[in-house]
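Visitor: Hello! I would like to learn how to read salt bridges. Could you walk me through some?

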Amino acid sequence: MIYPDTKIESACAVKDIRAELNQPYYDNDASLLVATDGQILAAIPTRSEYECQTTGDMGAPDNSVGGSVPLDAIKYARKAAPRGEDPVIELSDVEVARVMGATFARPSDEFPDYQRIIKKKARETPDICIDAALLKRLSDALQNRTGKNHYINIYLPRNADGSIDNGSSIRVEPAKHPNRIGLIMPCRID
């Protein structure tokens with residue numbers, strides 16, 4: 001399995017009593033690497049080594065087996081991948097994941113049925129596009145540094161008919177401090 005060089009593990013739970021949420025899950029049928037902590041969910045498309053072979057990239061036929069993917073294997077694959085290339089993990093065995101000769105035990109936990117909560121996009125054009133790094137910087141600028149609650153309220157600008165006004169700024173307020181105001185200015189996404 002070849003996956004985009006992301007930090008998919010950021011969406012995993014940390015030491016959750018539900019052990020299946022503590023590492024990503026590989027869905028072979030959907031060709032997705034999925035991680036969730038119960039509050040957020042990230043699903044990224046994967047490629048098989050077979051697909052890469054047919055396009056001339058690399059590899060042998062894919063015989064990956066779905067199931068949990070150890071966090072250590074994810075991190076090791078990222079470090080082992082040459083700069084600019086996507087990490088590769090061999091998942092042909094139900095019990096172990098292999099990365100460049102190293103083996104990692106695969107937990108046998110049952111992952112939640114994530115597909116029932118993923119809805120199809122209603123349309124191809126997004127309602128809004130926000131740079132997540134800007135949103136994080138704005139949240140940091142508005143929140144107490146020692147506070148643990150970093151919830152924010154986002155108010156999308158609306159036209160008189162209730163539709164979203166893509167040309168106006170988005171208002172952001174810390175949930176516990178509505179008197180602190182932040183704005184995200186509109187940007188072009190083309």
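Guide: Gladly! The side chains of Arg78 and Asp5 form a salt bridge, 3.6 Å from N to O. That term means a side-chain nitrogen of Lys or Arg within 4 Å of a carboxyl oxygen of Asp or Glu. The pair links distant parts of the chain, 73 residues apart: Arg78 is in helix α2 (residues 71–80) and Asp5 in the segment before β1 (25–27). Helices (H or I, at least four residues) and strands (E, at least two) are DSSP runs, numbered from the N terminus.

Visitor: What should I know about the model itself?

Guide: It is predicted: local features need pLDDT of at least 70, side-chain atom pairs count only at pLDDT 80 or more, and totals for chains, interfaces and linings use all residues. Residues are numbered from 1 along each chain as its sequence is written, and side-chain values use heavy atoms, leaving out hydrogens and water.

Visitor: Is Asp5 buried, partly exposed or exposed?

Guide: Buried means under 20% relative accessible area, exposed over 50%, and partly exposed in between (1.4 Å probe, protein chains only). Asp5 has 46% relative accessibility, so it counts as partly exposed.

Visitor: With which other residue does Arg78 form a salt bridge?

Guide: With Glu9, where the closest N and O atoms are 2.7 Å apart. This pair also links distant parts of the chain, with Arg78 in helix α2 and Glu9 in the segment before β1, 69 residues apart. Glu9 counts as buried because its relative accessibility is 15%.

Visitor: How many salt bridges are there in the structure?

Guide: There are 6. One of them joins Glu173 and Arg171, with 2.7 Å between the closest N and O atoms. Glu173 is buried at 7%, whereas Arg171 is partly exposed at 32%. Finally, shared partners join Asp5, Glu9 and Arg78 into one network of salt bridges.
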